[in-house]
Amino acid sequence: MTVSSESPASSSRWIEQREALLLAPYAMFSCNSQGRLHPENEHSYRGPYQRDRDRILHSSAYRRLSGKMQVFTGEMGDYHRTRLTHTQEVATIARTIGRVLGLNEDLIEALALMHDIGHPPYGHAGEDALHECIADEGGFSHNQFALTIAQELEIRYSEFPGLNLTREVLAGQTERIDKTKDQGLKPLLEVQLVDAADSTTYDAHDTDDAIKLGLVTLEEMSEVQLIRDAIQSVREKYTGLSNDLTRKAVVHSLVERQVTSLISWCAGQLQDRGFGSAADAMQSDFVLDHAVELAEQKKELETFLYQRVYRHPDLIRVRKKAQNRLKAMFVRYCDNPDLFPAKYQQRSENVGVKRMAIEYIAGMTDDFCEQTFRKICPDLI
Ligand code: MG
């Protein structure tokens, strides 16, 4: 089956035929997309979610993820994950699972590449500081900011502001803003999958980075059952591994264990339920996630990571320093709006100086933030 060179109409037919062959009935099919806020002609050989993925990939916000820390700062070396490599791992793992389950990989990839583009410098520490700065005017959330970037701030097209993504990708990101509220309908399975792949990914790579950086040892982490089981499976398979290779094999096992378990539990559930469409799955009580036993083991690992890694004195020190810096920059920009580059003046008039300061700081990489702090707050160095 190949794309026809005749007309855009025949290309959309080709995408439809391809998805009919590859996707399960409960997947989100491109032909059922609710479209974009600003209508556009179909592309001659890319489907709507492929275009969304490409638009996100080519955005400035996506490129800047390479300079934003995931959990560990660049002061700690250059081995560990950045927000960009984390995003790529999430996309890869989610696509692997999505392919087995017959979900729409293009939509999955677009959602995964988008999910963290709203992160400010210095990870969650940065997010908490910015939220505090503007708590009286709606606060700041990286998930909400990703939508602002995609709908307003990225200026790449003359026809419309933002990236004009499909409603499915925007709705998927909106679901991330408040997962606790009961919305009646479940999110698309592709949206739920990216969320599950996100935690699968960071549970494994934060374990890897924390041990590599010497914040905890593998022995200390073996008090967690998921790690203990992974060590056991590595020891059964190999003998005489170095510490370095043991850590890598354990992390590999950790990813494999979570992905395999998620696939086998969800594939069984999906088969039993026999959903005939994406809408059927959304109206059911089915949740695409890890099986209960593994979910509990993941919770135990996440509690360990929170207490022993994310709250490690080395990270608390970095966190406090970063937060003080961001808060000082916020005050400095609010007191001196002329410090914003000229091209942001219009935005400042539209959203107010305080929100402009938050958005401008949130867009910075860690290094640019450091340089800007030195430039605009020399008295505080
Ligand atoms: Mg993430």
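Of the contacts in the protein with a separation of 6 or more, 71% are accounted for by residues 24 or more positions apart. The model in which these contacts were computed is a predicted one, and its secondary structure consists of 18 helices with zero strands. The radius of gyration is 22 Å, which agrees with the value near 21 Å that a compact globule of 381 residues would have. Taken along the principal axes, the box filled by the C-alpha atoms is roughly 65 × 60 × 40 Å.

Of the 381 residues, 50% count as buried. The protein exposes about 18300 Å², and 50% of this area is supplied by carbon and sulfur atoms.

Zero disulfides are present in the structure. For Cys334, the closest cysteine sulfur is that of Cys133, and because the two sulfur atoms are 7.9 Å apart, they are too far from each other for a bond; a disulfide would require the pair to lie within 2.5 Å. Cys334 counts as partly exposed, because its relative accessibility is 21%, and the cut-off for a buried residue is under 20%. The sulfur of Cys369 has its closest cysteine sulfur in Cys377, at 9.5 Å, which is likewise too far for a bond. Cys369 counts as buried, with a relative accessibility of 0%.

Helix H2, which spans residues 48–57, is largely enclosed by the rest of the structure, because eight of its 10 residues are buried. The buried residues of this helix are Tyr49, Gln50, Arg51, Asp52, Arg53, Asp54, Arg55 and Ile56, and they pack against helix H3 (60–64), helix H5 (105–114) and helix H8 (167–175).

The loop between H3 and helix H4 (83–101) contains Thr73, which counts as buried because its relative accessibility is 6%. When its neighbours within four places in sequence are left aside, Thr73 is in contact with His80 and Val318. Thr73 and Arg317 are 244 residues apart in sequence, whereas their C-alpha atoms are 11 Å apart in space.

Terms used:
Residues are numbered from 1 along each chain as its sequence is written. This is a predicted model: local features need pLDDT of at least 70, side-chain atom pairs count only at pLDDT 80 or more; totals for chains, interfaces and linings use all residues. Side-chain values use heavy atoms; hydrogens and water are left out. Helices (H or I, at least four residues) and strands (E, at least two) are DSSP runs, numbered from the N terminus. The radius of gyration is taken over C-alpha atoms; the globule rule is 2.2 Å times the number of residues to the power 0.38. Buried means under 20% relative accessible area, exposed over 50%, partly exposed in between (1.4 Å probe, protein chains only). Contact means heavy atoms within 4.5 Å. Accessible areas come from the Shrake-Rupley method with a 1.4 Å probe; for residues, only the protein chains shown count as cover.
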